[in-house]
Amino acid sequence: MRESVIINEVGLRDGLQNQPVQVSTADKARLAQSLVDAGVRHFEPVSFAHPNAVPQMADAAQLALQLPGTAATDSLFYTAMVPNLKGYLRAKACGFKRVALLLSTTDSFNQRNLNMSRDNALQSCRDIIAQARQDGIATRAYVAGALACPYDGHIAPTQTITLAEQLFLAGADEVGIADTIGGGHPQQLQQVLEPLIRQHGSDPLIVHLHDTRGLALAMAWAACDLGIRRFDAAIAGLGGCPFAPGATGNVATEDLVYLLERSGLSTGISLEKLRHSAALANQLTQAPSGRGEMASRSEEGSPENQSKIMQWAQSQQQRGKIVNLDMIE
Ligand code: MG
């Protein structure tokens with residue numbers, strides 16, 4: 001039997017929250033259904049951030065009611081991002097059994113992301129995790145900007161490892177290593193993961209990658225090689241971070257599925273059906289070309305695809321999505 005990998009679809013949250021287009025609640029639910037049809041079982045569909053901070057997530061409570069199969073099956077796993085205790089309480093009131101929280105590596109990033117210093121953000125994570133444990137709600141705590149900070153640049157592996165250990169110590173069920181702006185590289189990711197895997201095993205670790213420099217798949221493979229079997233990904237490579245200038249799309253779900261399946265691992269996701277989800281995601285966000293479609297339609301770089309890639313790159317540039325590479329060196 002092939003070894004399984006869990007892909008946690010974050011397109012509806014990390015993907016859509018930085019899109020200029022506001023996608024309706026009904027369309028978000030439609031995209032979620034299409035992903036379920038393709039075999040996706042793990043989702044982070046909403047964030048309970050303040051609507052003024054992240055207007056694209058203002059419908060979190062409504063969307064929670066429209067997500068596919070919540071009551072009918074327990075084979076679907078929905079996680080809500082909660083930036084603070086207030087957000088946690090809203091997620092709990094909406095019936096979420098899993099929450100994700102964030103701790104950034106630097107004071108500057110925590111300040112912009114959560115309006116708190118790093119110490120206060122860590123304390124907030126501890127409070128949420130303690131409350132969630134009492135409530136029987138599972139927690140996934142991310143170290144954000146784990147390899148590079150959009151404000152302070154390169155992050156030393158020891159800094160990220162120390163914070164990850166603090167989150168485990170606080171009682172987080174899972175800890176995520178998030179290259180939020182895609183400023184890291186495969187070896188750096190391995191330097192972070194190796195000691196954590198030695199200490200905790202690979203099971204409670206998840207990796208979250210952005211494809212800023214086209215390294216997301218190489219990094220996913222580097223993590224996979226160490227035994228990591230949980231990854232975040234976003235359909236059609238949607239993504240960004242409203243508080244992280246230069247953050248481009250998440251690693252595309254269809255690319256990651258392709259890599260893993262072709263490498264003999266099992267994701268439980270149909271690449272063929274995922275094409276429809278990618279097309280729908282592109283349609284809903286009015287993306288000018290199907291980034292996801294490209295990856296699954298052809299295994300070769302056809303001239304047609306090359307021109308689509310150019311079109312896509314130009315559109316990203318026009319939308320200010322190309323990272324200032326000097327800033328994150
Ligand atoms: Mg992200």
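**Entry 1: basis**

I note that the model is predicted, that local features need pLDDT of at least 70 and side-chain atom pairs count only at pLDDT 80 or more, while totals for chains, interfaces and linings use all residues. Residues are numbered from 1 along each chain as its sequence is written.

**Entry 2: the chain**

I counted 13 helices and 10 strands in the chain; these are DSSP runs numbered from the N terminus, helices being H or I of at least four residues and strands E of at least two. Of the 329 residues, 49% count as buried. A residue is buried if 20 or more other C-beta atoms, placed from the backbone, lie within 10 Å of its own, exposed if 12 or fewer, and partly exposed in between. I then looked up contacts, meaning residue pairs whose C-beta atoms, placed from the backbone, lie within 7 Å. Among those with a separation of 6 or more, 72% join residues 24 or more positions apart.

**Entry 3: helix α4**

I examined α4 (residues 85-93), in which Gly-87, Tyr-88 and Ala-91 are buried. These residues cover an arc of only 105 degrees around the axis, which puts them on the same side of α4; the arc is that of the directions from the helix axis to the C-beta atoms. The face turned away from this buried side carries the exposed residues Lys-86 and Ala-93. I recorded β3 (77-81), β4 (98-104) and α6 (118-135) as the elements against which the buried residues of α4 pack.

**Entry 4: the core**

Which residues of the largest nonpolar core touch the most other members? I found Val-99 and Ala-220, in a core of 90 residues. A nonpolar core is a set of buried Ala, Val, Leu, Ile, Met, Phe, Trp, Tyr and Cys residues joined through C-beta atoms within 7 Å. Leaving aside residues up to four places away in sequence, Val-99 touches Thr-79, Ala-80, Val-82, Tyr-88, Ala-91, Ala-132, Ile-137 and Thr-139.

**Entry 5: strand β8**

I checked β8 (residues 174-179) and found 6 of its 6 residues buried, so the strand is largely enclosed by the rest of the structure. Glu-174, Gly-176 and Ala-178 are buried on one side, and Val-175, Ile-177 and Asp-179 on the other. In a regular strand the side chains alternate between the two faces of the sheet.

Strand β5 (residues 138-144) pairs with β8 in the parallel sense over 4 bridges, pairing requiring at least two bridges found by DSSP. Arg-140 has Glu-174 of β8 as its bridge partner. β8 also pairs in the parallel sense with β9 (residues 205-209), over 5 bridges. Here Ala-178 has His-208 of β9 as its bridge partner. From β8 the chain passes through helix α8 (residues 186-200) to β9, a right-handed β-α-β crossover: with the strands pointing away from the viewer, the path from the first strand over the helix to the second runs clockwise.

**Entry 6: helix α11**

Leu-274, Ser-277, Ala-278, Ala-281 and Asn-282 are the buried residues of α11. Seen down the axis, they fall within an arc of 135 degrees, so they line one face of the helix. Gln-286 follows α11, and its phi is positive, near 55 degrees.

Conventions:
Contact = placed C-beta atoms within 7 Å.
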